[in-house]
Amino acid sequence: MNTNTEKYELATPLIYGTAIGTLCVPFGPLLTCIGFVVGAGLGYWSDKKEKDQPGSREKGPVEDDSTKSVCSQ
C-alpha cells in the first residue's frame, strides 16, 4: 500500500531542481543542468531534514494559559 509520502517523495527535489535550473537558463545549457542537479540535491536534503524532525505525537503535551490554574503558579 502506497501512502502519500511514498507516492510523492520526489516532488520536493523536482520542484527545487526545476526552480534553480530555470534561474540558470540565461547562463547556458550546462549551467542549467548543473543548477537542476544542485536544486534537486537541496530539495532531497530539505525533505530528509523535515522527516528527521520528531512528529507531533512524540512531542510533550502543550500547556497553554487555559489549562493552567491559578494555584499552580
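Start by selecting helix H3, residues 29-52. At 1.5 Å a residue, its 24 residues should span 34 Å, and the end C-alpha atoms sit 35 Å apart, which agrees. (The expected span is 1.5 Å times one less than the number of residues.) Helices here are DSSP runs of H or I, at least four residues long, strands are E runs of at least two, and both are numbered from the N terminus.

Before moving on, keep in mind that this is a predicted model: local features need pLDDT of at least 70 and side-chain atom pairs count only at pLDDT 80 or more, while totals for chains, interfaces and linings use all residues. Residues are numbered from 1 along each chain as its sequence is written, and side-chain values use heavy atoms, with hydrogens and water left out.

Now zoom out to the whole chain. You'll find three helices and zero strands, in the order α-α-α. Of the 73 residues, 15% count as buried (buried is under 20% relative accessible area, exposed is over 50%, partly exposed is in between; 1.4 Å probe, protein chains only).

Next, pick out the buried residues of H3: Gly-35, Gly-39, Ala-40, Gly-43, Ser-46 and Asp-47. They pack against H2. An α-helix has 3.6 residues a turn, so residues three or four places apart point the same way.

Stay on Asp-47 for a moment. Is Asp-47 buried or exposed? Asp-47 counts as buried because its relative accessibility is 15%. Leaving aside neighbours within four places in sequence, Asp-47 is in contact (heavy atoms within 4.5 Å) with Glu-9 and Thr-12.

Time for the surface. Select Ile-15, Tyr-16, Phe-27, Leu-30, Leu-31, Ile-34, Val-38, Leu-42 and Trp-45: together they make a nonpolar patch of about 950 Å². Such a patch takes residues with over 30% relative accessible area and no salt bridge, joining nonpolar side chains (Val, Leu, Ile, Met, Phe, Trp, Tyr) within 5 Å, whereas like charges are joined within 9 Å. A salt bridge would be a side-chain nitrogen of Lys or Arg within 4 Å of a carboxyl oxygen of Asp or Glu. H3 gives the largest share, six residues. One of the patch residues, Leu-30, counts as exposed because its relative accessibility is 62%.

Last stop: the cysteines. Cys-24 counts as buried at 18% relative accessibility, while Cys-33 is partly exposed at 49%. How many disulfides are there? With a disulfide taken as a pair of cysteine sulfur atoms within 2.5 Å, the count is zero.

Conventions:
Accessible areas come from the Shrake-Rupley method with a 1.4 Å probe; for residues, only the protein chains shown count as cover.
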